[in-house]
Amino acid sequence: MSPKVILLFSGKRKSGKDFLTDHLQELLKDRCEILKISQPIKSHWARENNLNLNELLSDNEYKEQYRLDMIKWSEAMRDKDYGCFCKQACLNAADKPIWIVSDIRRKTDIQWFKETYKDIIKTIRICADDDTRRARGYQFKSGVDDVASECDLDDYTEWDLVINNGEGRQPLKEQLSSIISLISLS
Ligand SMILES: Nc1ncnc2c1ncn2[C@@H]1O[C@H](COP(=O)(O)OP(=O)(O)OP(=O)(O)O)[C@@H](O)[C@H]1O
């Protein structure tokens with residue numbers, strides 16, 4: 001069984017991608033699976049460099065320490081095959097009707113999913129103002145926040161849904177129901 005709908009989430013650092021997709025998963029329970037494009041990147045990186053994968057996957061200093069090198073390496077891999085990490089993340093995914101991809105970063109990520117899975121794709125951009133992101137621990141880092149992996153989708157305008165998760169945001173329940181309506185429409 002292949003997925004019936006695939007939700008692609010994008011957002012800048014500390015916009016709340018993990019927060020919202022984790023809550024969405026709590027609602028959808030075993031009907032959904034969270035995929036992370038960063039997972040195959042991190043597991044390859046951890047293997048090559050003898051690092052602890054669990055720490056690399058979690059939200060802490062360890063991850064920040066290696067972010068820059070991982071970005072550079074993954075860019076080189078993507079230059080050779082833009083779908084390589086998307087493909088791997090899908091191969092690792094469980095058979096569920098709803099896939100939630102929580103970390104789309106590139107126009108070519110969207111392109112690959114649309115080419116591969118056609119019209120079951122829905123794209124969602126999570127936004128948050130800089131003050132809110134800073135309050136959540138974001139600090140601008142040159143080489144991380146000013147390169148394609150953070151900025152390529154800044155000028156993408158074809159989102160199926162844009163969610164404000166910064167100041168003036170709707171309550172969580174309403175944020176989630178706007179995502180659910182997107183699923184029911186498909
Ligand atoms: N709507 C919200 N209400 C309360 N806390 C939130 C909300 N959104 C995000 N947060 C908190 O902000 C922090 C950053 O959020 P999260 O890790 O989801 O961001 P992210 O976009 O996945 O970041 P990164 O790209 O750096 O991994 C977390 O501690 C999270 O719990």
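This is a short tour of the structure, one selection at a time.

The model is predicted: local features need pLDDT of at least 70, side-chain atom pairs count only at pLDDT 80 or more, and totals for chains, interfaces and linings use all residues. Residues are numbered from 1 along each chain as its sequence is written. Helices (H or I, at least four residues) and strands (E, at least two) are DSSP runs, numbered from the N terminus.

**The ligand**

Eleven residues surround the ligand, and Gly16, Lys17, Asp18, Phe19 and Arg136 are the closest. Helix H1 (residues 17-28) gives the most to the shell, with three residues.

**Both ends of H1**

Select Lys14, in the loop between strand E1 (5-11) and H1. Its phi is positive, about 65 degrees, although it is not a glycine. Lys14 is buried, with 21 other C-beta atoms within 10 Å. Here buried means 20 or more other C-beta atoms within 10 Å of the residue's own, exposed means 12 or fewer, and partly exposed lies in between, with C-beta atoms placed from the backbone.

Now move to Lys29, in the loop between H1 and E2. Lys29 also has a positive phi, near 50 degrees. Is Lys29 buried or exposed? It counts as exposed because it has 8 C-beta neighbours inside 10 Å.

**Asn165**

Select Asn165, where UniProt (unreviewed entry) places the feature "binding site". UniProt positions follow the numbering used here, feature names are shortened, and annotations may be inferred rather than shown by experiment. Asn165 lies in the loop between strand E5 (161-164) and helix H9 (172-185). With 22 other C-beta atoms within 10 Å, Asn165 is buried. Show its contacts (C-beta atoms, placed from the backbone, within 7 Å). Leaving aside neighbours within four places in sequence, they are Ser15, Gly16, Leu20, Ile126, Cys127, Ala128 and Gln175.

**Helix H5**

Last, select helix H5 (residues 84-91), whose buried residues are Phe85, Cys86, Ala89 and Cys90. Look down the axis of H5: its buried residues fall within an arc of 135 degrees, so they line one face of the helix. The arc is that of the directions from the helix axis to the C-beta atoms. These buried residues pack against strand E2 (32-35) and helices H2 (38-49), H4 (61-80) and H6 (107-117).

How values were computed
A residue is near a molecule or strand if its C-beta atom, placed from the backbone, lies within 6 Å of it. Two residues are in contact if their C-beta atoms, placed from the backbone, lie within 7 Å.
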